[in-house]
Amino acid sequence: MIEETAQLIQLAWLVPLYGALAALFSLPWALGVFKGQKPPAYGGLVFMGIGFGHSLLALIASLNAPAPMRISIPWLNAGVVDLSLSLLFSPLTLGMLTLVTGVSFLVQLYSLGYMAHEDGLPRYYGILNFFTSAMLGLVISDNLLITYACWELMGLCSYLLIGFWFHKSSAAEAARKAFLTTRVGDFLLLVGIVVLYVTAGTLDFAALGAWAETAQLAPAFATVLTLILFAGPVGKSAQFPLHVWLPDAMEGPTPVSALIHAATMVAAGVFLVVKLEPVFALAPLTLSIVAWTGAITALGAALIATVQNDIKRVLAYSTVSQLGYMFMALGVGHPEAAVFHLFTHAFFKAMMFLGAGSVIHAMHEAEHKTHGHLDVQDMRNMGGLWSKMPITAVTFGIGVLSIAGVFPLAGFWSKDSILHALEKEAPVLFTLALITAGLTAFYMLRQFILTFLGKPRTKEAGMLHESPWMMALPLVILAVPSAAAGYWGNNWFLKEEVAMSIATQSTIAVGVGFGFAVGLYILQGNAMLKSLAPLTQPLQKLFYIDVIYERTVVAGMKDLGILTAWFDKNIVDGLVNLVSTTFWAGAETLKYVENGRTQFYLLVVVSSILTLGIFSTLGLQ
Amino acid sequence: MNFPILSAVVFFPALGALILALWPGEADHKVARGVALATAIGTLLLSLFLTLNFDFNSTQGQFTESFSWIHQLGITYSLTVDGISLPLVLLTAVLVVLSIFTSWQLKYRPRFYYSMILLLTCGVMGAFLARDLLLFFLFYELELIPLYFLIAIWGGERREYAGMKFLLYTLFSSVFLLVAFLSAYFVSGLNTFDITLLATADFSIPFQIFSLVMLTIGFGIKIPLVPFHTWLPDAHVEAPTAISVLLAGVLLKLGTYGILRFGVGLFPEAAQSLSWVLATLAAINVIYASLAALAQTDMKKMIAYSSIAHMGYVVLGIATLQETGLQGAVFQMISHGVISALLFMIVGLVYENAHTRDLGKLGGLFDRTKGLPMVGAFMVAAAMANAGMPGMSGFVAEFLVFRGAYEQFPIATVVCIFGTVLTAIYLLVLLQRAFFGTVPTELKQITKPTLRSYIPATILAFCMVGLGLFPNLMTGISAQSVAGLVTQMGTTQIAKVDR
C-alpha cells in the first residue's frame, strides 16, 4: 500500500507533461495543417481533466505519506556547473498542482463559450496549455534554475496571450510592455541566481536551505543579493515599482486574465520568495523592504482601484493589491499566511474575472444586436444586470464578500491570518493593511453596485442574457471554494485560532468601506463624488507612474539607441571610410576599386612578407 | 594507414566544386543544385561518421593526419579533430546543406554560385581541422575569396561596396595573423608551425602579449569586435539569405575559434594577464551592438547587429580561461550558429514574400490570410531563443558563460546579462512592428512560401530546442577537450614557476 502511494505521488512528474502534450496536440491545427477550431479545445480539456484527477489523487495520497518525495534527473554538467532536474512532491506542491490544473480546466471549459466565435482557437488553447504546463513545472521544481526556466516560459506565454488579438495595436503594445517590464525584474533575478550559485555552490532549494543555516555572509552582501533576487518577484507579481504591466495586460482575452493574471502566474513571485525563504532570512533589511513593498503596493493599488471604470481594470488593480498583502506576510516572516491567501485569492479572483468575462461577453452580444458602439467593459454602461444574469451576479457577489473579508467566507480567513501575523510583527504595517481592507471593501462593492444593481444605464445593458452553461458552470464550481476554502484551510492545515480583536477590527474596516460604497453609489452621492473629483485626479492618472516611465526610461532607451546607431554610422564607419579613401587616394593602382583587386591582394602579400622579414630579422638578432 | 577521414571532410566539398567547374556543357540550376546538394549531404554524412567514431573520453586530438609538406620551412600538412572543433565541423556541415536548400530558387549563374559555396565549405572545414598554423592560414584565406564573390555577384544593390569592404577588412586582419604566426615560428626556434609543438615552446611574456594582441586584432575583425565591426552589417544587408546564414552561422566562428585555439592555446600566460581586456571588449560588444540594433529599421541590419552582440558572449566565455566559461563559449558558438542562422532565414522568408525588410513598411504578418503566420511562429521562437529563453540553446550557453565569468569579471558579466534585456527590447520591437497590427494597404501582395522553404528553418528550430532541453549532448562533446586545454594552461604555468 505504501509503495503504491509512493508511486502515485512520484508519477506526479507527469502532470506538467499533460499540459505540454495538449499544447503539442493543438500544434497541427494552430499551424493550419488540419482545418477546424474545436478539436484542440476538447483535447486540452481531456488532458487537463486527467491532470487534475492525477494531482488530486496524488494530493490525497501525500497527506498520508511520511515525508515529501524528490526526483532528480541529471540535466546539465559542464565544469563546475552540475544541475539536475529536481522535483519535489509535498502536500503543498501537490496542492498547488491540483489548484492550477483545476483552475486551468475550468478556464478552458469557460473559454469554449467565451471564445466560441474567435478565430485562432487552436493557437489559444495551445498557448494556454503550454502556460499551464510551465506553471505546473514551476510548482514542483526543486531547483532555482528550473524554476527560473518555467518562470520565463510563463512570461513568453503571457506575452503571446496578451497579444492574442494581434491586430489591435493596444494589445500589441500591452504584450510588449508586460514582457519587457517583467524582463527587467528577471534580469536582476538571473544576476541573483548566478551570484547565489557562485556563493552557495548549489541551486537546489533544499540544499540552499541547508546552506543558509550555516552561511556567514557580510550583511551588506546578503542584503544586496536578496534584493536583486527579489526584483524577479516584484516584476512577476506586479509589485511597485514594476506593477505597470498588469493592468494593461487586461488587453488579453478575459479567461487568460483569470488564469494567468489573477490565479497562477502572478502568484509565482510569492511562491518563489516562499521557496527562498531561508536565503531571505539571511537579510533582515530585505525582509522589511519586502514587507514595505507589499504595503505600498497594496495601498496604492487599492486607491487606484477606487476610481477605475473598466470592469477588468478594477479587478487587475485589486489583484496587485492582494498580492501586496501576500508580500507583507512574507516580509514579516509568515510564509504560511501568504500561501494561504494565495490559495483563497486564486479561487475568488479567478471566479470574479470569469464573472466579469461573462458580463463582457453578454454586453458584446447585445452591442452586436443593436449595432451600437460603446465600451462594453465600462461599468458606466452597465447597471441592473442582477435580474438578467442571476448566476453571474450571485457568484460575483460571493467573490465580493470573500475578497472584502466578510466572515465566514474564504477571504476572511486568509486575510485574518495575514493581519494576525502583521499585528504581532509590525503595527504600522498592520494599520496600513487595515486601511487597505476598508478600501478593498469599498471598491469591490462599488463595482458590484455599478454593474449589477440599479437600473440599466444603456439600451444594451437592458437586453442581456445569462451566459451559456460552459461559462456559468465554472462560476458555480469556483464559488464553492471561494466561499468555503478559508474555513477548510484554517481547520485542516493552518489550525490557527481566530483572534477576536483582529476579526472585529477588520470587520469594522470592511463595514466602513461598504458604508461609503452604499452611501456614494446607492444613496446617490453624486454631489459628493463631484466634490471629491480633484482629489481623485492623481488616482485617475495612476499616480503618474506610467507617464514617468514613458518619459524617462522608455524615451531614454530609444534615444540611446538612436545615438548609438548614429555614432556607429557616422563616426565609426565614417572613420573607416575616411581611412580607406585616404589610402586609396595614395595608392595610384588602387584608385579604382574595380580594377585593383588582384594587385591589391598582391600588395598586401608583399607588404606583409616585408614587414615580417624586417620583424623576424630584428627578432633573430 | 586508416582512411583519412579528416581530409575527406575537407576535400569532399572541393571535389564537388571541381565537378561543377568541369561540368561539360551548360548546367542548369537544377543540375548544379543537385551536385551541390549531393556533395553537401556527403560531407554531412562524413562528419556524422566522424562523430560516431569519436572518442568522447579523450583529451587529445583524434584522427590525426600529419605529413611533412615543405620540410625546409617546417610546414606540415596536419589535420586533427578534438571536442572543440568537432561541433563546429558538424555545424558547418549542417548549415551548408541548409543554405543550399535556402538557395533553391537561385537561377543566376548557378554553377559558379554552388561551386563557390562548396569551395567556401572546404576552406572553413580545413581551418577548423588544421593543426598547422600555416595550413590554417591557407584555409582561412581560401574561405575569403568565394565569400567575396558570393556577396559581390549575388548580393543586393550595394553589393560591390559591401563585398570590397569585407575583402579589405579580412585581408587587413590576415596581416595581423600572419605577423603573429610567423613571429611565433621564428621566435620559438623549433622550426615548426605545428601548434602542438609550438604550445611547448618557451615564449617570453612580452612576446606572448605582442602575439596575443596581434591575434586579437586579427581575429577580432572576423568575430567581429567593436570597433572593427562595420563590415558585417553591410555584408549581411547585401548578401543573399543563404550567404548570410553561412556568414553568421559559421564564418564568424573562425574568429572566436582562432582566439581560443591559437591565442589561448599558444600564449596562455598572456591570456591570463590580458583576460580582463577580452572580458571588457566582450561587454562593450554586447552593449554597443545591442544599442545600435535598437534603432535599426532594416530587419536584416537589426539581426546583423544582434549577431555581433551575441558573439560577445563567446568572447566573455573565452576570457574566463576556466572550464565552465570555456564550455559556455563553445556552446554559445554552436547556439549562435543555429539561432542567428535561423533568424537570417526568417528575414529571408519575409523579404522574399513581402518584398521589403523595412520595419516602417511591414505590419500584421501574423495575419492568417494575408500575412505569413508560420514565419511569425518561427520568428517568435527564434527571437525568444536569442533573448535567452530557457528551453532553447541560447539560455544554456549564456548561463554557463555567466556562471563561469562572474567570479573573475563581475561587472562585465552583469553588463552582459543586461544585454539579454536589450535583445528582448529590439526583437520585441521587430515583432510588434512587422508581425503585430494589420497588413498595411500599400504593401504589395504578400506571396505564400512553399512548404519546402520551411524545411531548413524547421530543422534549425529542432536543433535549437533539442540543445536547450538536452544540453549534455553538447557539453559532453566538448568536456574533455576543454578540460585538457585548461590543464595544459595550468601545467604551462607550473612549469614556468618551476623554472
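Okay, let's start inside chain A: from α6(A), Leu144(A), Leu145(A), Tyr148(A), Glu152(A), Gly155(A), Ser158(A), Tyr159(A) and Ile162(A) touch a set in α7(A) that includes Ala171(A), Phe179(A), Asp186(A) and Ile193(A). Contact here is C-beta atoms, placed from the backbone, within 7 Å, and helices are DSSP runs of H or I with at least four residues, strands runs of E with at least two, numbered from the N terminus. By class that contact splits into 13 nonpolar, 3 polar and 2 charged residues. For the classes, Ala, Val, Leu, Ile, Met, Phe, Trp, Tyr, Cys and Pro are nonpolar, Asp, Glu, Lys and Arg are charged, and the others, Gly among them, are polar.

Before going on, this is a predicted model, so local features need pLDDT of at least 70 and side-chain atom pairs 80 or more, while totals for chains, interfaces and linings use all residues. Residues count from 1 along each chain as its sequence is written, with chains lettered from A and ligands numbered from 1 in the order written.

Scores: ipTM is 0.91 and pTM 0.90. Chain B has a mean pLDDT (per-residue predictor confidence, 0 to 100) of 89, with 98% of its residues at 70 or more.

Now, what does the contact between the chains take from each side? It takes 50 residues from chain A and 53 residues from chain B. On the chain A side, the elements giving two or more residues are β1, α6, α7, α23 and α24. The top contributor there is α7(A), with 14 residues. That side divides into 32 nonpolar, 12 polar and 6 charged.

Over to chain B, which has 18 helices and 2 strands. Its radius of gyration is 22 Å against 23 Å from the globule rule for 499 residues, so chain B is as compact as a globular protein of that length. That radius is over C-alpha atoms, and the rule is 2.2 Å times the number of residues to the power 0.38.

One helix pair to finish: the axes of α11(B), residues 268–294, and α12(B), residues 299–320, come within 8 Å and cross at roughly 160°. So α11(B) is roughly antiparallel to α12(B); the cut-offs are under 35 degrees for roughly parallel, over 145 for roughly antiparallel, 65 to 115 for roughly perpendicular, and oblique for the rest. Axes are lines fitted to C-alpha atoms, for helices over the stretch in contact, with angles from 0 to 180 degrees between N-to-C directions. The contact of α11(B) with α12(B) has 18 nonpolar, 5 polar and no charged residues.

Note on methods. Two residues are in contact if their C-beta atoms, placed from the backbone, lie within 7 Å.
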